[in-house]
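The following note sets out points for a colleague examining the model shown below. Please read each point against the coordinates.

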Amino acid sequence: MPQAEVLLGERLVGIWDFRLLDGQEDYPGLALERLELLLDIGPGGRAVRGALGQRPFDKGNLQVFGELDAGKVPNLRWKLTDHAGQVYDCQAIFDEIWGNWSSGGGQATISGALSELGRQHGFSTRQARFVAVRRPFVLARERLPYRPELKAWLMSPGHRLFHQVWHAARDRWRHLDETQRRGVRGLGWQPGPEGKERDARGKERHRNGSGEDFLFMHRDMVLKARAMQPLPSWPSLPAPRPYIGHGVQAFVDYVENHDGYSVPPSWEIPGDDGFNAWLLGIKSSDGYFGNFQLWEAQYQNPEYLSNLCLGELGSRIELGIHDWLHMCWASLARDPNSGLSMPYARNPVDFSERWFREDNDFLGDAFSSHLNPVFWAFHGWIDDRIEDWFLAHEQAHPGEVLRTFVDGVPWFAPGRWVELARPWLGPQQAGCGAWLQGNGGGGELDIETMKLALRIIHSDETEVERLSRRIPLRPWYGRHLPPGPGGKQ
Ligand SMILES: [Cu+2]
């Protein structure tokens with residue numbers, strides 16, 4: 001399946017508000033108010049299918065048939081038929097004036113003309129010109145609001161920076177030189193005890209306990225958030241977009257993101273083919289059925305789980321399905337001031353005021369991901385796998401894993417299957433970095449400490465960026481492009 005067609009498909013699928021510009025007398029059936037053009041392309045599909053009609057879409061829709069041919073863009077040509085046997089020829093232009101605005105589910109237009117099929121164009125031909133405007137993707141935050149208390153906690157600068165530096169320190173530790181490490185240690189932000197730091201992506205990742213840090217820190221976060229508002233886990237990973245041919249209403253509900261859990265449209269980083277193909281793949285039905293569902297089954301398979309240490313379970317989840325979940329449900333990032341799309345997302349050391357606003361809930365960046373309501377659904381799902389792991393061990397060798405509490409959080413005692421007595425939650429000294437510890441930490445000083453730690457952690461990247469005068473980066477959770485377990489992705 002050529003990528004150009006997939007990308008074009010991503011731009012066409014959706015709900016378009018349809019309006020005749022003229023010819024109303026000749027085409028009274030198309031001159032109705034609130035006509036909607038629904039466009040879909042099946043998984044791996046090479047054709048555009050759709051419907052033109054009015055809610056509730058249960059009768060009287062016109063059917064749309066067209067080839068999906070990126071070589072002809074911006075020209076589109078479709079046949080439309082109604083139930084009475086009337087057939088229309090539709091020639092249209094897919095409007096690119098919006099440029100990158102139309103990628104990632106932003107606004108776009110299709111404008112063109114309809115005529116009765118079987119008549120040649122000319123003065124006697126009745127043509128009707130139309131325009132169709134795509135509705136932007138409805139973001140999860142519009143469907144799944146927070147209570148004020150929880151929202152305030154999540155969007156506080158301290159919490160944003162805590163989450164970012166916690167992930168960045170362990171993800172980048174193996175790339176830091178001695179000077180950088182000394183700097184980070186001096187601020188208390190080394191991931192784990194000094195000299196025995198637990199880097200999350202290095203050779204020892206499955207054995208050094210970093211996976212326990214990952215599971216424990218997020219369990220702590222989920223418990224504290226749930227104390228302010230119920231945030232249910234996904235009982236299973238939400239199914240991909242239903243094909244319009246299986247039911248128009250189900251398609252519409254999905255595209256309008258009724259439950260908040262629809263996968264947002266993909267986007268492209270210019271020139272970064274590896275990222276673009278990966279993102280399309282993880283957001284596709286193939287990605288869901290061929291990879292997500294396999295992971296989902298593996299992490300509930302007692303035989304597999306009973307042979308894993310807790311740290312290896314956490315580390316495998318973190319570096320695989322966790323990156324996928326973040327990026328699959330991420331929407332194209334936008335500049336909070338201008339609304340312009342930012343396919344690379346925020347620079348990790350850009351601490352301008354605008355990024356701290358509540359609308360910055362981009363799932364691809366640890367600075368903002370925890371503001372996105374989908375975060376809690378899938379981190380809850382990940383957390384529920386810990387119980388599956390425990391039950392699997394109980395069944396295979398009862399008593400080898402013992403429950404305990406760590407800082408009031410239900411956890412497990414060190415032993416054959418558990419490495420650490422104290423997973424890493426950031427600096428333990430009073431005040432410093434204690435953002436998850438009850439009162440919300442120590443104020444301005446901590447905020448500046450965390451910014452400084454991030455500047456040190458990213459200092460080599462900033463240099464590269466300065467020299468090359470560009471931002472050669474990807475969104476945080478889209479940097480590593482892990483393969484799925486299905487082998488194809
Ligand atoms: Cu996190």
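**Notes on the predicted model**

1. Of the contacts in the chain between residues at least 6 apart in sequence, 64% join residues at least 24 apart; two residues are in contact if their C-beta atoms, placed from the backbone, lie within 7 Å. This is a predicted model, in which local features need pLDDT of at least 70, side-chain atom pairs count only at pLDDT 80 or more, and totals for chains, interfaces and linings use all residues. Residues are numbered from 1 along each chain as its sequence is written.

2. The chain contains 14 helices and 10 strands, these being DSSP runs numbered from the N terminus (helices H or I, at least four residues; strands E, at least two). Buried residues account for 42% of the 489 residues in the chain. A residue is buried if 20 or more other C-beta atoms lie within 10 Å of its own, exposed if 12 or fewer, and partly exposed in between.

3. Eight strands form a closed barrel in the order β1-β2-β3-β4-β5-β6-β7-β8, with antiparallel pairing. From one strand to the next, the twist averages 30°. Strands β1 (residues 14-20) and β8 (residues 127-134) pair in the antiparallel sense over 5 bridges, where pairing requires at least two DSSP bridges between the strands. Within this pair, Asp17 has Val133 of β8 as its bridge partner.

4. Helix α7 (residues 248-255) packs on the sheet and touches β1, β2 (35-40) and β3 (47-53), its direction making about 90° with that of β2. Angles here run from 0 to 180 degrees between N-to-C directions, and axes are lines fitted to C-alpha atoms, for helices over the stretch in contact.

5. Strand β2 is largely enclosed by the rest of the structure, because 5 of its 6 residues are buried. Antiparallel pairing over 5 bridges joins β2 to β1, and Phe18 has Leu35 of β2 as its bridge partner. On pairing with β3, β2 again forms 5 antiparallel bridges, and Leu38 is partnered by Ala51 of β3. The hairpin of β2 and β3 has 6 residues between the strands, and Gly44 there takes a positive phi near 70°.

6. How are α6 and α12 packed? Helix α6 (residues 210-226) and helix α12 (residues 373-396) pack at an angle of about 120°, their axes being 10 Å apart. Helix α6 is therefore oblique to α12; angles under 35 degrees count as roughly parallel, over 145 as roughly antiparallel, 65 to 115 as roughly perpendicular and the rest as oblique. Leu215, His218, Arg219, Val222 and Ala225 in α6 meet a set in α12 that includes Trp376, His379 and Asp383. The contact residues divide into 6 nonpolar, 3 polar and 2 charged, with Ala, Val, Leu, Ile, Met, Phe, Trp, Tyr, Cys and Pro counted as nonpolar, Asp, Glu, Lys and Arg as charged, and the others, Gly among them, as polar.

7. The bond from Arg55 to Pro56 is cis, with omega near 5°, and Pro56 lies in the loop between β3 and β4 (62-67). The bond from Val73 to Pro74 is also cis, with omega near 15°; Pro74 is in the loop between β4 and β5 (75-81).

8. Asp407, although not a glycine, has a positive phi of about 50°, in the loop between β9 (403-406) and β10 (409-412). Asp407 is partly exposed, with 13 other C-beta atoms within 10 Å.
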